[in-house]
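Reader: Could you walk me through this structure slowly, and tell me what to look at as we go?

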Amino acid sequence: MNDLLLKGIMAFGHHLAAFSLFSALVYEWILIRKTFDLSTAQALLKTDQIYGLSAIAVLLFGLARVFHFEKGADYYFHSLPFLTKITLFALVGLISAYPTMIFLSWRKLLKQHQLPALSERRLQHLRLIIQLELLALIAILLCAALMAKGVGYLA
């Protein structure tokens with residue numbers, strides 16, 4: 001396969017996964033602000049699964065691009081926006097574990113068509129975490145744009 005075509009396909013996969021990740025998180029944010037009922041809880045669980053799969057795809061495509069399809073790891077690891085982007089991605093992954101664990105704990109009840117208990121305090125925590133994740137993803141987009149233009153390259 002043509003090297004340029006393969007690079008294009010890898011970039012497309014990376015961007016598609018990133019847009020899927022962002023869309024899933026926006027939908028979680030919309031859902032978590034609605035009245036908490038059975039259909040909302042089910043949708044949160046399904047959407048979080050899409051979010052997680054998208055994050056894995058972003059990571060795999062991104063690593064492939066860094067190490068095999070683009071400018072090479074040496075270039076990227078001398079880019080301050082890239083290092084910031086990776087750090088933010090890792091932080092988002094860490095803080096997203098809390099909502100994921102909550103949503104996964106609902107599986108058994110949801111299979112029985114029962115609404116999981118969710119205190120107002122926990123609901124507020126989930127809302128805050130999802131908002132923080134969204135802000136970090138926006139910062140990642142800024143870092144990606146800066147990185148693409150060579151801003152912050154540490155020679």
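Author: Let us begin with a charge and a ring: the charged end of Arg-33 sits over the ring of Trp-29, 4.4 Å from its centre. A charge sits over a ring if NZ of Lys or CZ of Arg is within 6 Å of the ring centre and within 35 degrees of the ring normal. Please keep in mind that this is a predicted model, in which local features need pLDDT of at least 70 and side-chain atom pairs count only at pLDDT 80 or more, while totals for chains, interfaces and linings use all residues. Residues are numbered from 1 along each chain as its sequence is written, and side-chain values use heavy atoms, with hydrogens and water left out.

Reader: OK, and how many aromatic pairs does the structure hold?

Author: There are seven aromatic pairs, where rings of Phe, Tyr and Trp (its six-membered ring) pair if their centres lie within 6.5 Å, and planes under 30 degrees apart count as stacked, over 60 as edge-to-face and the rest as tilted. In one of them, the rings of Tyr-75 and Tyr-153 are stacked, because their centres are 4.9 Å apart and their planes are at 20°.

Reader: Where do Tyr-75 and Tyr-153 lie?

Author: Tyr-75 belongs to helix α3 (residues 73-76) and Tyr-153 to the segment after α6 (120-148), so the pair ties together parts that are 78 residues apart in sequence. Helices (H or I, at least four residues) are DSSP runs, numbered from the N terminus. Tyr-76 and Phe-82 also pair, and that pair is tilted because the ring centres are 5.3 Å apart and the planes are at 50°.

Reader: Are Tyr-76 and Phe-82 buried or exposed?

Author: Both Tyr-76 and Phe-82 are buried, where buried means under 20% relative accessible area, exposed over 50%, and partly exposed in between (1.4 Å probe, protein chains only). Tyr-153, by contrast, is partly exposed at 36%. Phe-67, Tyr-75, Tyr-76, Phe-77, Phe-82 and Tyr-153 form one aromatic cluster.

Reader: Switching topic, which residues have the most contacts inside the largest nonpolar core?

Author: They are Phe-103 and Trp-106, in a core that has 28 residues. A nonpolar core is a set of buried Ala, Val, Leu, Ile, Met, Phe, Trp, Tyr and Cys residues joined through side-chain atoms within 4.5 Å. Helices α1 (3-32), α2 (38-69), α4 (80-105) and α6 each supply at least two residues of this core, and α6 gives the most, with eight residues. Apart from this core lies another, of five residues, among them Val-66, Tyr-76, Phe-82 and Met-147.

Reader: And how many salt bridges are there?

Author: The count comes to three, a salt bridge being a side-chain nitrogen of Lys or Arg within 4 Å of a carboxyl oxygen of Asp or Glu. One of them joins Lys-7 and Asp-3, with the closest N and O atoms 3.8 Å apart; these residues are four apart in helix α1, which means that about one helical turn separates them. Arg-65 forms a salt bridge with Glu-70 at 3.4 Å between the closest N and O atoms, and here Arg-65 counts as buried at 17% relative accessibility, whereas Glu-70 is partly exposed at 29%. Glu-120 and Arg-127 also meet in a salt bridge (3.9 Å, N to O).

Reader: Last one: what is the phi of His-113?

Author: His-113 has a positive phi of about 60° although it is not a glycine. Most residues other than glycine have a negative phi. His-113 is found in the loop between α5 (107-111) and α6, and it is exposed, with a relative accessible area of 58%.
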